[in-house]
Amino acid sequence: MTEPNSHRFFCNRECRYFPCHATDRPDEFNCLFCFCPLYFLSDCGGNGRLLESGIKDCTGCMVPHAPGGYDHIMARLRERFDAMRRETMEKQGKDD
């Protein structure tokens, strides 16, 4: 059984690119993060690879589209935001 469209899951079968990654489970394909918010993290937790051109190739990664992808992305974003907040607070403390 698939999860209904919600704040955690959205399946857009009408998209001309659906599915944008090869999958044998299209009913579980989550389109919510059409563009992965972790793309710019070097250690995103997915299996993207860096091309010689310096561009990250995520065509083999299903993390944002798979069950559990929403939780993974939100946890990684929280980690990164917390680290950024700590760095900012440390800099502010040193400037005083």
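Y39 counts as partly exposed, because its relative accessibility is 23%. In this predicted model, Y39 forms a tilted aromatic pair with F35, with 5.6 Å from centre to centre and 45 degrees between the planes. The charged end of K56 sits over the ring of Y39, 5.8 Å from the ring centre. The points below take up the aromatic residues, the nonpolar cores, the cysteines and several individual positions.

**Aromatic residues**

- The whole structure contains 5 aromatic pairs.
- One of the pairs joins F18 and F29 in an edge-to-face arrangement, with the centres 5.6 Å apart and 90 degrees between the planes.
- F18 and F29 each lie in the segment before β1, so their pairing ties together parts that are 11 residues apart in sequence.
- F18 and F29 are both buried.
- F35, the partner of Y39 in the tilted pair, is exposed, because its relative accessible area is 55%.
- F35 and Y39 also belong, together with F40, to one aromatic cluster.
- A pair of aromatic rings is described by two quantities, the distance of the centres and the angle of the planes.

**Nonpolar cores**

- The largest nonpolar core consists of 8 residues, namely F33, C36, L38, L41, C44, Y70, I73 and L77.
- Y70, a member of this core, touches H7, R8, L32 and F33 when residues up to four places away in sequence are not counted.
- Another core lies apart from the largest one and has 5 residues, including F9, C11, F29 and C31.
- In soluble globular proteins, nonpolar side chains tend to be buried together.

**Cysteines**

- The count of disulfides in the model comes to 0.
- A disulfide is a covalent bond between the sulfur atoms of two cysteines.
- The closest cysteine sulfur to that of C11 is in C31, at 4.9 Å, which is too far for a bond because a disulfide requires the two sulfur atoms to be within 2.5 Å.
- C34 is placed in the segment before β1 and counts as exposed, because its relative accessibility is 64%.
- The C-alpha atoms of C34 and F10 are 9.8 Å apart in space, while the two residues are 24 residues apart in sequence.

**The segment before β1**

- N30 is located in the segment before β1, a strand that spans residues 49-50.
- N30 counts as buried, because its relative accessibility is 3%.
- The side chain of N30 reaches the backbone oxygen of R8 at 2.9 Å.
- The residues touched by N30, leaving out those up to four places away in sequence, are R8, F9, F10, P64 and H65.
- P19 is found in the segment before β1, and the peptide bond leading from F18 to P19 is cis, with omega near -20 degrees.
- Most peptide bonds are trans.

**Helix α1**

- R76 lies in helix α1, which covers residues 69-95.
- R76 counts as buried, because its relative accessibility is 17%.
- Apart from its neighbours within four places in sequence, R76 is in contact with L38, D43, C44 and G45.
- M89 and S42 are 47 residues apart along the chain, and their C-alpha atoms are separated by 23 Å.

Terms used:
Residues numbered from 1 in each chain as written. Predicted model: local features only at pLDDT ≥ 70, side-chain atom pairs only at ≥ 80, totals over all residues. Heavy atoms only, no water. Helix = DSSP H or I, 4+ residues; strand = E, 2+ residues; numbered from the N terminus. Buried < 20%, exposed > 50% of the residue type's maximum accessible area, 1.4 Å probe, protein only. Polar contact = N/O pair within 3.5 Å; in protein donor to acceptor, adjacent residues only side chain to side chain. Contact = heavy atoms within 4.5 Å. Phe/Tyr/Trp six-rings, centres within 6.5 Å; stacked < 30°, edge-to-face > 60°. Lys NZ or Arg CZ within 6 Å of the ring centre and 35° of its normal. Core = buried A, V, L, I, M, F, W, Y, C linked by side-chain atoms within 4.5 Å.
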